[in-house]
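User: I have a new structure to look at. Can you walk me through the side-chain contacts?

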Amino acid sequence: MSNAFRLGVLGSGKGSNFVAIADAIESGKIPAEVGIVLSDVESAGILLHAREREIPAQFIPPGKFRTKLDEEAERAFVSALQSVKVDLIVLAGFMRVLKGDFLRAFEGRIVNIHPSLLPSFPGLEAWKQALDHGVKVTGCTVHFVDAGVDAGPIIGQQTVPVLDNDTPESLHARIHAAEHELYPKCVAAIARGEISVRGRRVIWKL
Ligand code: GRF
C-alpha cells in the first residue's frame, strides 16, 4: 500500500462528484488516491465509474432500515474502509445518515457535500426547498460530518444565483456544476493538511 493520502468514497447515485474528484486526482490537483468506493445501491452509477477507473468498488447491502445502515451493514462499511486504511471518508451523494459506531471510527475525518448554502435548507431536495422559499442566491456546501443532519463545521461554500425562470431541474443542474468545482478544492486542501478546525470554524492556511 502506498503512503498517499487515501480517500474512501461513499455514494448512492450517479457519482458525478466522485468523477470530479477522480479527475482532479488524475490531473494532479488533489494529492491523494481513492482507496475504495462503496455504495448501498447495487446499480449505482458511482460503482460503474469506479470500476471503469479500476478503483476497487463494492456494494454493501444496507440492511433493514430506509434512511440509515443497520448494525451489520455499518460494521461492513467500517471494516471495508479500514482494510484500505483510508485517511478521509468522502460522502458523494450517500443517501443514508451515518450513526454512532461509524462516526466514532472516523471522527473528524468524514466530509459531505450538500446542495444548498447551509445552514439553510438541510435535508432532501435542498434546491427545491430554496426555489420554493424564493431565495435569490443558493449554492453548495462542503462540511465535516457530525451526529447532526447536514450540520458539521463548514469547510467551503460556493454560491449559485436563482434565476426567475429556474425550474427545480435547471437550478439543480447549476448547483451540481458548482459542486464539481468546490468539492475537489476542499478535498485537495484537506489532503495537503491546509485545513484546521477551531470549534465550528474551519480555517484555511493559505
Ligand atoms: C449532490 O447533489 C450532492 O449535493 C448530494 O447528492 C448529490 C450527488 O450527486 N449530497 P452525484 O451522485 O455526485 O452526481
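User: Is Phe102 buried or exposed?
Analyst: Phe102 is buried, at a relative accessible area of 0%. Buried means under 20% relative accessible area, exposed over 50%, and partly exposed in between, with a 1.4 Å probe and protein chains only. This is a predicted model, where local features need pLDDT of at least 70, side-chain atom pairs count only at pLDDT 80 or more, and totals for chains, interfaces and linings use all residues. Residues are numbered from 1 along each chain as its sequence is written, and side-chain values use heavy atoms, with hydrogens and water left out.

User: How many aromatic pairs are there?
Analyst: The count comes to 2 aromatic pairs. Rings of Phe, Tyr and Trp (its six-membered ring) pair if their centres lie within 6.5 Å; planes under 30 degrees apart count as stacked, over 60 as edge-to-face and the rest as tilted. Phe77 and Phe94 make a tilted pair, 5.7 Å centre to centre with 55° between the planes.

User: Where do Phe77 and Phe94 sit in the chain?
Analyst: Phe77 is in helix α3 (residues 71-83) and Phe94 in the loop between β4 (88-91) and α4 (100-105), so this pair links distant parts of the chain, 17 residues apart. Helices (H or I, at least four residues) and strands (E, at least two) are DSSP runs, numbered from the N terminus. Phe77 is buried at 0% relative accessibility, and Phe94 is buried at 8%.

User: Which ring does Phe102 pair with?
Analyst: Phe102 pairs with Phe106, again tilted: 5.3 Å between centres and 55° between the planes. Phe106 is buried too, with a relative accessible area of 2%.

User: Changing topic. How many salt bridges does the structure hold?
Analyst: The structure holds 7 salt bridges. A salt bridge is a side-chain nitrogen of Lys or Arg within 4 Å of a carboxyl oxygen of Asp or Glu. One of them joins Glu33 and Arg6 at 2.8 Å, N to O. That pair links distant parts of the chain, with Glu33 in strand β2 (residues 33-39) and Arg6 in strand β1 (residues 6-10), 27 residues apart.

User: What about the nonpolar core? How many residues does the largest one have?
Analyst: The largest nonpolar core has 43 residues, and those with the most contacts inside it include Leu7, Val9 and Ile30. Such a core is a set of buried Ala, Val, Leu, Ile, Met, Phe, Trp, Tyr and Cys residues joined through side-chain atoms within 4.5 Å. Helix α6 (residues 168-191) gives the largest share of this core, 11 residues.

User: What does Ile30 touch?
Analyst: Leaving out residues up to four places away in sequence, Ile30 touches Ile21, Ala24, Ile25, Pro184, Val187, Ala188 and Ala191. Contact means heavy atoms within 4.5 Å.
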